[in-house]
Amino acid sequence: MKIFIDCTHTAKHTYKNTGIHRVVRELTSELLKISSNRTDIEIVVVMFDGSFMRRTTSLDQQQDGNFVKVNKYLALSKINIKVQSLFLKLKNKFINFLDVLNLIDWLYSNSANKKAFLEFEGSIVQPGDIYVIADANWDLPKTYYLFLQLLKRHKVTILVICYDLIPIRFPEFSSKKFTKAFTKFYSDYSTLFDKVLCISKKSAEDYINAKNHGILASNNSQIVTSFRLGCNYYKKILLDEENNSLDVNFQRLINKKYILVVGSLVPHKNIKTIIAAFDLLINASRDDVFLIFAGNKGWHSETDKLIESNKMYGKLIHILGSVTDAQLDFLYQNCYCLVQASFYEGFGLPVVEALQHCKPVIASNGGSLPEVGGDFCRYFSPTQPTELYEALKELLDSDIYYSNLVERIKNEYIPFSWQQSAEEFLSCLYN
């Protein structure tokens, strides 16, 4: 049985390293390792090229993203040339959707057409194979829906990894354009999903609630469950090899006592509360600690301006931008603590990654964060900057309290690896 892992967005944007991209890379890497020792499954990493899937050669960050097109469903015959011509036309954004549906009916009216279309690497995609939408494929063309619909008609199981429903639950945290595209994806495509694998129990609960309220299609046969993400990550590039290329400011900052914030600078990350709490620390004469943001800027100009307009920006407050996995690992190792102030998270990778490095975590009680962090984190209300300030101050004011917290994490916290995550993921596929 083949399990196709659709990593389209990560394959096309290898320079990106957001939470979803990191999950896609780590989970896929472990699934490939597991399948290499098994004969009952074959993991095939693919991307959607506008009409069909093709294998990817690399998902590694900072690679050129060269892919090998291996599907050979378009042989040199009159009928297959016609199929190729029709599918190329589908890339035109003005195409009539009904015409495309007619094309699918045409394909299924003749078994030779169907066989030609479903050929992959010299073999036919078989009923019972599994197609996993693992990536952020919310903005793909209409042909993607039709491709999935064709797979489903061929008895291929369609599965999606749902990271969260933030744009649906909290549209105020996203642009109108993105909210519209995201909502349309889930409202339209949910009819095709046989299984929905969420990354936390809270995310699964949100998905089921959205179905019950008619926001998503209600399919009685659809299975909604969850699996847990890992906290370690595979680093192909050792930090020692990167040191020569590290920014001078980066090297200077990592020797300071700093509060670490990981993630893109987007509204739901609640940067405003973090800045407000840090201002309270400065006002309390705690000018011996830095605030470092490790994540992409440019997603939300108001958030960028909020940080850059602060009087401590460039002094005690710094934005490192996107960092590699090796650099992030080093940031975790050397930070004083991690702050995750999000209004809502579907999981919260930085929480488990910081705990794996035995670092104290101060997190909001938004979404799945209490589920993920358990009783190893100090929690606060995301709307109350003073609560975050008080939690930070308690850490900074008592070395004994800080040391005891670190020791407890070292002795009691049990990390969950990406290998375990991949095994749990596969278990969800079969159950």
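**Exercise 1.** Is R378 buried, partly exposed or exposed, and what is its relative accessible area?

*Solution.* The model is predicted, so that local features need pLDDT of at least 70 and side-chain atom pairs count only at pLDDT 80 or more, while totals for chains, interfaces and linings use all residues. Residues are numbered from 1 along each chain as its sequence is written, and side-chain values use heavy atoms, with hydrogens and water left out. With a relative accessible area of 31%, R378 is partly exposed, given that buried means under 20%, exposed over 50% and partly exposed in between (1.4 Å probe, protein chains only). R378 is placed in strand β15, residues 378-380, where strands (E, at least two residues) and helices (H or I, at least four) are DSSP runs numbered from the N terminus.

**Exercise 2.** Determine which parts of the chain the salt bridge between R22 and D325 ties together.

*Solution.* The side chains of R22 and D325 meet in a salt bridge at 3.3 Å, N to O, the term denoting a side-chain nitrogen of Lys or Arg within 4 Å of a carboxyl oxygen of Asp or Glu. Because R22 lies in helix α2 (residues 19-35) and D325 in helix α14 (residues 325-334), the pair ties together parts that are 303 residues apart in sequence. Both R22 and D325 are buried.

**Exercise 3.** Describe the setting of the salt bridge between R286 and D397.

*Solution.* The N to O distance of this pair is 2.9 Å. R286 is buried, at 15% relative accessible area, whereas D397 is partly exposed at 44%. R286, D288, K393 and D397 are linked in a network of salt bridges.
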